[in-house]
Amino acid sequence: MAGYLTCTIYHNYIAMLKRKKKEDKENLGTDMNEQEQPNEQQDATEQTEQATISAEDKLKDELAQANDKYLRLYAEFDNFRRRTQKERVELLQTAGKEIIVSLLPILDDFERAERALETSTDVKAVKEGVALIQNKLNNVLTQKGLKPMKSIGEPFDADLHEAITNIPAPTDDMKGKVIDEMEKGYTIGDNVVRFAKVIVGA
């Protein structure tokens with residue numbers, strides 16, 4: 001009987017040790033899972049934060065590049081604008097200088113004519129001299145693109161003519177047309193540089 005009890009106690013003790021070992025193993029697994037889960041959550045959070053920081057850095061880099069590109073374009077445009085203004089001023093000055101230089105010989109002719117008038121008694125020769133100077137001036141201005149308008153007999157055009165007054169038309173076909181020209185009009189190319197002052201038939 002004592003041997004049977006001893007054997008039963010021994011088997012119960014072994015069974016209890018096995019259960020305890022199993023429970024310890026299960027508890028250890030649960031603890032490890034609990035430890036792993038926070039670690040996994042922490043890793044996921046860190047990865048999300050890194051991705052956010054990475055995206056933010058990327059956007060900052062793109063913004064810096066766009067800003068740099070804008071500043072370069074603005075500087076290039078500003079340089080272009082200044083250069084164009086300078087070239088325009090130089091062009092106007094050069095064009096004005098060129099015209100003045102081409103008119104200087106005509107000014108010389110007028111000075112010579114003025115000296116000749118002081119001693120000349122031949123009116124015909126003076127008229128011929130003045131006509132030559134006028135032709136020379138017309139030729140220079142024509143070379144520069146200046147053209148006189150033909151106004152007399154043309155229909156009145158407000159884009160070309162400036163009407164000083166209206167008078168009764170001598171004939172019906174002259175109504176609304178230029179009868180006389182008080183001051184000649186001029187164009188350079190297609191642009192009017194001076195409107196013709198005219199009298200229009202009514």
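Here are a few notes on the predicted model above, going from the overall layout to single side chains.

1. Ground rules. Residue numbers start from 1 along each chain as its sequence is written, and local features need pLDDT of at least 70, side-chain atom pairs count only at pLDDT 80 or more, and totals for chains, interfaces and linings use all residues. Side-chain values use heavy atoms, with hydrogens and water left out.

2. Overall layout. The protein has 2 helices and 6 strands, in the sequence pattern α-α-β-β-β-β-β-β. Helices (H or I, at least four residues) and strands (E, at least two) are DSSP runs, numbered from the N terminus. Of the 202 residues, 10% are buried; buried means under 20% relative accessible area, exposed over 50%, partly exposed in between (1.4 Å probe, protein chains only).

3. The sheet. Look for an open, mixed sheet of 3 strands in the order E2-E6-E3, where strands pair if DSSP finds at least two bridges between them. Strand E2 (161-167) and strand E3 (178-183) are the edges, each pairing on one side only. E3 and E6 run antiparallel over 4 bridges, and Val-178 stands opposite Val-200 in E6.

4. The core. The largest nonpolar core has 5 residues: Met-149, Val-178, Ala-196, Val-198 and Val-200. Strand E6 (residues 196-201) gives the largest share, 3 residues. Such a core is a set of buried Ala, Val, Leu, Ile, Met, Phe, Trp, Tyr and Cys residues joined through side-chain atoms within 4.5 Å. Beyond its neighbours within four places in sequence, Val-178 has contacts (heavy atoms within 4.5 Å) that include Phe-156, His-161 and Val-198.

5. Salt bridges in the helix. There are 12 salt bridges in the structure, each a side-chain nitrogen of Lys or Arg within 4 Å of a carboxyl oxygen of Asp or Glu. In helix H1 (residues 2-119), Asp-78 and Arg-81 sit 3 residues apart, about one turn of the helix, and their closest N and O atoms are 2.5 Å apart. Asp-78 counts as buried at 14% relative accessibility, while Arg-81 is partly exposed at 35%. Arg-82 joins these two in a network of salt bridges.

6. Salt bridge across strands. Glu-183 and Lys-197 meet at 3.9 Å, N to O. Glu-183 lies in strand E3 and Lys-197 in strand E6, so this pair ties together parts that are 14 residues apart in sequence. Glu-183 is partly exposed at 29%, and Lys-197 is partly exposed at 30%.
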